[in-house]
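Student: Please take a close look at one single part of this model and describe it in connected form.

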Amino acid sequence: MNQDKHVHIPIITRVEGEAALQMHISNGSIASLQLQIYEPPRFFEKMLEGRNTQDLLDIISRICGLCPVAYQMSAVQAVESIFGLCPSAWVKGMRRLFYCGEWLQNHSLHIHMLALPDYLGFDSLLTMAKDYPEEVKRGLRLQKLGNDLIALLGARSVHPVGTVIGGFSSAPAREKVKALLERLQPALDDAYSILRWLCKLELPEYSHEFISVAMSHPTEYPMVEGRIVSDKGLDIRIDQFDTVFKEEQVTYSNALKCSLNGEAYLVGPLARLNLHFKLLPHDIQSVVRELGFTFPTKNMFMSIIARAIEMILCLHDAIQILQNYDYPDKSYESVALKAGVGFGCTEAPRGLLWHRYQLDEHGLIQSARIIPPTSQNQARIEADLQYSLKQFGLNKSEIELRFFSERVIRNYDPCISCSTHFLTLSVEKT
Amino acid sequence: MKAIRVIGIGSPIGDDQIGWVIVDKLRNQTVLQSQAKIDFLVLDRPGLNLLSYFEAFSHVIIIDAVVAHGEIGKVHKLTKNDILNVPTVLTTHEISVAAALQLGEQLNMLPEFISLYGIEIDAPQQHSSLSTQLINSMNQSVEVIAMEIFNQL
């Protein structure tokens, strides 16, 4: 039977930012599918031109209210590479701690506020909270702890201000470190409890082939530095990004789409775990195996589990870093301004965040390029929907198709405000 | 143990810091000084973390900027019931005070008494100081709120 269906979700709910999904089903197959990111472009790359590098850190954190640390960390890495500065071990440790705070608060927020209502049969966190108060409160505790870890180094969790080129503007006082450390062990217990609880969820099974891309580090689960690798053999330096990754503009989206040698690819927690499960601390690996989870996996619905595992990692690492905390002689290294081109790449909560800057001899930005994870996942989301919806059944009702599509998209935890941070702008004057 | 917590919520952007400024002025109000039962706190865009600041207080007063298209500087008082009936959408893009409090109600995290004083401001601005119009109306707002707090002691 020839059944034409048009499925339109004008506002995808429980994602960060504004996007729509438009799909046309004809003769039992998907004739067209578009993830329409209509949140307006925000022109950050243009705004940065002519600015100094401290302004860069203040401005860039405002691309996103959820992942300001990620933007600052990729930016600072790029600039420090131009200035020839190698951060001290103390600074590296603090940057990892800073990032642990951001991953923790982002993942907890995503799990409890965005994803879980689907799994538990609620339309929002508000309606879910009445039936699961202790679970929601646990999620809020961890989210707050993540924010407090960010504020330890950044003075506040919203658009933190503590990052400077070369380190941090000040070192946390020992008393503050001690107070936070006391909260971390109970929080680690909470995070394990969340993983055990999530074990009971019925995760849909829609495994299909995709490429996982993440950073790579020889000795640690990647967060703040490393190379870029894939599960198809990619292994490049971050300055080689443009040799294999390409961005293109599509007419229906304000976010550029990114491809790896012409193919869609996944970045984010599931990609990281697919590539680096064995870099997790052994305790965490044991618990994950004991609970029956296996990585690598090609089931995107395991993303919620991946985030829960990374929350445990963040707390584990934060405890280690703070247990070994020493008040430093200086919290940042001075820099000498230099002209040049620099690259930065770190793992934002949602995946690879790549920056490129060109500075002049006064340290002013001549050009900036920023490629956030959600832009990189855009093509993957569309490919996933193409596959998963066919498996789900295109003959289902429009309401069922809409609901399922939103769940597929939420697996990627898209941060749409990040993905529209810029657009190529050409102005023709006549 | 302190019974009343007065929380000024805001951000460093223009008139959105009015909650902070009013709380700082309330600390120095004669009727409220040396009242051991009152605790003052300012928070920068706390989102859902706002709920963690209510524990051990039987009474919470929140002061925040609001945009209700009324007279700049006007003080709107919202009761617990008013707040819980404000139409909200819980989104990571922007977690409003009302949305956070509505979640708190579901979680049984709200104190017995909670009220919100919303200070009318113009649309969000991009400068770092308070507008003249707000500065001119502020003292009256502070007095009104101070007396209301005092009457609840």
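Tutor: The part described here is the interface of chain A and chain B. This is a predicted model, in which local features need pLDDT of at least 70 and side-chain atom pairs count only at pLDDT 80 or more, while totals for chains, interfaces and linings use all residues. Residues are numbered from 1 along each chain as its sequence is written, chains are lettered from A and ligands numbered from 1 in the order in which they are written, and side-chain values use heavy atoms, with hydrogens and water left out.

At this interface, 23 residues of chain A are in contact (heavy atoms within 4.5 Å) with 18 residues of chain B. Together the two chains bury about 1,800 Å², and carbon and sulfur atoms give 66% of this area; buried area is the accessible area (1.4 Å probe) that two parts lose on being put together, summed over both. Of the area that chain A buries against chain B, 32% is supplied by A:Met113, A:Leu126 and A:Lys144, more than by any other three residues.

Across the interface the rule finds zero salt bridges, a salt bridge being a side-chain nitrogen of Lys or Arg within 4 Å of a carboxyl oxygen of Asp or Glu.
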